Amino acid sequence: MFLTFTTHAGGYAIRYPEGWTQSGSPHDATFRDKNNLVHVLITHGHAPSPAAVAAQLRRLARSQPSLRFTTPQAVKVSAGPAVRARYSTQSA
């Protein structure tokens with residue numbers, strides 16, 4: 001079963017598994033359970049490109065050797081264009 005977190009201030013809604021904790025604010029929310037984590041950060045600025053997101057993930061991989069990711073993709077959501085980044089890490 002999934003729950004829905006909706007924030008008009010942040011301008012989005014996200015479905016997350018029942019039992020996960022939610023913390024933060026509408027513009028900086030974290031959903032977690034054990035070793036799983038989803039972090040939503042809403043900022044102002046230019047929309048990132050898939051190449052910019054890939055570069056940021058490569059920088060993160062230098063300090064997190066277990067970080068693995070697929071090539072970020074440009075996608076369209078109801079609010080407009082977005083970048084989908086899929087990644088995983090191994091916990092200690």
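User: What share of the contacts in the protein chain between residues at least 6 apart in sequence join residues at least 24 apart?

Analyst: A contact means heavy atoms within 4.5 Å. Among contacts in the protein chain between residues at least 6 apart in sequence, 15% join residues at least 24 apart. This is a predicted model, in which local features need pLDDT of at least 70 and side-chain atom pairs count only at pLDDT 80 or more, while totals for chains, interfaces and linings use all residues. Residues are numbered from 1 along each chain as its sequence is written, and side-chain values use heavy atoms, with hydrogens and water left out.

User: Which secondary structure elements does the protein chain hold, and in what order do they run?

Analyst: Helices (H or I, at least four residues) and strands (E, at least two) are DSSP runs, numbered from the N terminus. Read from the N terminus on, the order is β-β-β-β-β-α-β-β-β-β. The C-alpha trace spans about 35 × 35 × 20 Å along its principal axes.

User: How is the open sheet of three strands to be read?

Analyst: Two strands pair if DSSP finds at least two bridges between them. Here the open sheet has the order E3-E4-E5, and the pairing is antiparallel. Strand E3 (21-25) and strand E5 (36-41) are at the edges with a single partner strand each, so one side of each has no neighbour in the sheet. From one strand to the next, the twist averages 10 degrees; the axes behind such angles are lines fitted to C-alpha atoms, for helices over the stretch in contact, and the angles run from 0 to 180 degrees between N-to-C directions.

User: How many bridges join E3 to E4, and how many pair E4 with E5?

Analyst: E3 and E4 run antiparallel and are joined by five bridges; a hairpin connects them through two residues. Serine 23 has threonine 30 in E4 as its bridge partner. Strand E4 (residues 28-33) pairs with E5 in the antiparallel sense over six bridges. On that side, arginine 32 stands opposite leucine 37 in E5, and aspartate 33 stands opposite asparagine 36 in E5. The hairpin of E4 and E5 has two residues between the strands, and lysine 34 in the turn has a positive phi of about 50 degrees.

User: Is threonine 30 buried or exposed?

Analyst: Buried means under 20% relative accessible area, exposed over 50%, and partly exposed in between (1.4 Å probe, protein chains only). Threonine 30, in strand E4, has 12% relative accessibility and therefore counts as buried. Leaving aside neighbours within four places in sequence, threonine 30 is in contact with Thr21, Gln22, Ser23, Leu37, Val38 and His39. In the protein chain as a whole, buried residues make up 20% of the 92 residues.

User: Where does isoleucine 42 lie, and which residues does it touch?

Analyst: Isoleucine 42 is in the loop between E5 and helix H1 (50-63). Its relative accessibility is 34%, so isoleucine 42 counts as partly exposed. Not counting residues up to four places away in sequence, isoleucine 42 touches Gly10, Tyr12, Pro26 and His27. The C-alpha atoms of isoleucine 42 and glycine 11 are separated by 8.9 Å, although these residues are 31 residues apart along the chain.

User: How many aromatic pairs does the structure hold, and how are they classified?

Analyst: Rings of Phe, Tyr and Trp (its six-membered ring) pair if their centres lie within 6.5 Å; planes under 30 degrees apart count as stacked, over 60 as edge-to-face and the rest as tilted. The structure holds three such pairs. One of them, phenylalanine 5 with phenylalanine 31, is edge-to-face, at 5.4 Å centre to centre and 70 degrees between the planes. This pair links distant parts of the chain, with phenylalanine 5 in strand E1 (residues 2-7) and phenylalanine 31 in strand E4, 26 residues apart. Phenylalanine 5 is buried at a relative accessible area of 15%, and phenylalanine 31 is buried at 0% relative accessibility. The rings of tyrosine 16 and phenylalanine 31 have centres 4.8 Å apart and planes at 40 degrees, so that pair is tilted. Tyrosine 16 belongs to strand E2 (residues 12-17) and is 15 residues from phenylalanine 31.

User: Which residues form the aromatic cluster?

Analyst: Phe5, Tyr12, Tyr16 and Phe31 form one aromatic cluster.
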